[in-house]
Amino acid sequence: MSQDDAPTIPSEIEAKTAQLAGLRWLGRQIGTSLHRTEILSATASSIKDTISDAQSIIFLAKEYEDTSERSLTIEFADTPLAVSKTTFLADEGLLSMAISSIVPILVPDTDTLSVQCLLASDRSVVVAPLWDGIDDDIGSQGPTAGLLGCLYVSATKQNALTEQHREFIETVSYLAAMA
């Protein structure tokens, strides 16, 4: 190996600095992920404390690996029920209704719905889309542009969730979107 081929100290330092920057980035990503899970858990607990009839709180996140941007995957679920499916299409069923309305929707009696809920036992539901910012451009670049996910709150009793609950969940959804 000639002297010209030997790595120089400055280039080794540069390589180590780049490697450390990558590790710092990874650490921040892991920290953010753990922090987000804690926030979602605390948010779900707060909802259950405030709305005694709320049985299931589910946070769905946009599936960014899905190039069609149609999938929402369960990121966090506080429910005593088994969830048989973890990925849902954003343009079908109850999720689609909430996303297309842009604001949270209240379904006090799911028997009046022609679409299926996320859980078979759901009888009263509020679905709040989580948007990246709140402005007039939401949805203008497609039905899921700016969508981060959805907050899904359900109860097993008909009419258990009210307009007051919908308003509370709307406020919580703005805070959850910032997390």
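Biologist: How much space lies in the largest pocket?

Modeller: In this predicted model, the largest pocket holds about 300 Å³ of space. Its lining comprises 14 residues, and the closest to the centre are K85, F88, Q116, C117 and L118.

Biologist: Which elements give two or more residues to that lining?

Modeller: Those elements are β3 (87-89) and α2 (93-101). Helix α2 provides the largest share, namely three residues.

Biologist: How does the lining of the largest pocket divide into nonpolar, polar and charged residues?

Modeller: Nine residues of the lining are nonpolar, three are polar and two are charged.

Biologist: Why is C150 called buried?

Modeller: The relative accessible area of C150 is 0%, which falls under the 20% limit, so C150 is buried as well.

Biologist: How many disulfides are there, and by what rule?

Modeller: A disulfide requires a pair of cysteine sulfur atoms within 2.5 Å. By this rule the count is zero.

Biologist: Which residues of α2 are buried?

Modeller: The buried residues in α2 are L94, L95, A98 and I99.

Biologist: Why are these residues said to lie on the same side of α2?

Modeller: They cover an arc of only 130° around the axis, and therefore they lie on the same side of α2.

Biologist: What do the buried residues of α2 pack against?

Modeller: They pack against β1 (56-62), β2 (71-78), β3, β4 (105-107), β5 (124-131) and β6 (147-155).

Biologist: What makes L95 a buried residue?

Modeller: L95, found in helix α2, has a relative accessible area of 2%. Buried means under 20%, so L95 is buried.

Biologist: Which residues is L95 in contact with, leaving aside its neighbours within four places in sequence?

Modeller: With those neighbours left aside, L95 is in contact with L60, L72, F88, L89, A90, L118, V127 and C150. Contact here requires heavy atoms within 4.5 Å. For L95 and L60, which are 35 residues apart along the chain, the C-alpha atoms are separated by 9.8 Å. The 4.5 Å limit applies to heavy atoms, so the pair L95 and L60 is in contact with that C-alpha separation of 9.8 Å.

Terms used: Residues are numbered from 1 along each chain as its sequence is written. This is a predicted model: local features need pLDDT of at least 70, side-chain atom pairs count only at pLDDT 80 or more; totals for chains, interfaces and linings use all residues. Side-chain values use heavy atoms; hydrogens and water are left out. On a 1 Å grid over the protein atoms alone, a cavity is a set of points where a 1.4 Å probe fits but cannot get out, and a pocket is an open set with protein on both sides within 12 Å along at least five of seven lines; lining residues have an atom within 4 Å of a point. Grid points are joined across faces, edges and corners, and a volume is the space filled by probe spheres set on the points. Helices (H or I, at least four residues) and strands (E, at least two) are DSSP runs, numbered from the N terminus. Ala, Val, Leu, Ile, Met, Phe, Trp, Tyr, Cys and Pro count as nonpolar, Asp, Glu, Lys and Arg as charged, and the others, Gly among them, as polar. Buried means under 20% relative accessible area, exposed over 50%, partly exposed in between (1.4 Å probe, protein chains only). The arc is that of the directions from the helix axis to the C-beta atoms.
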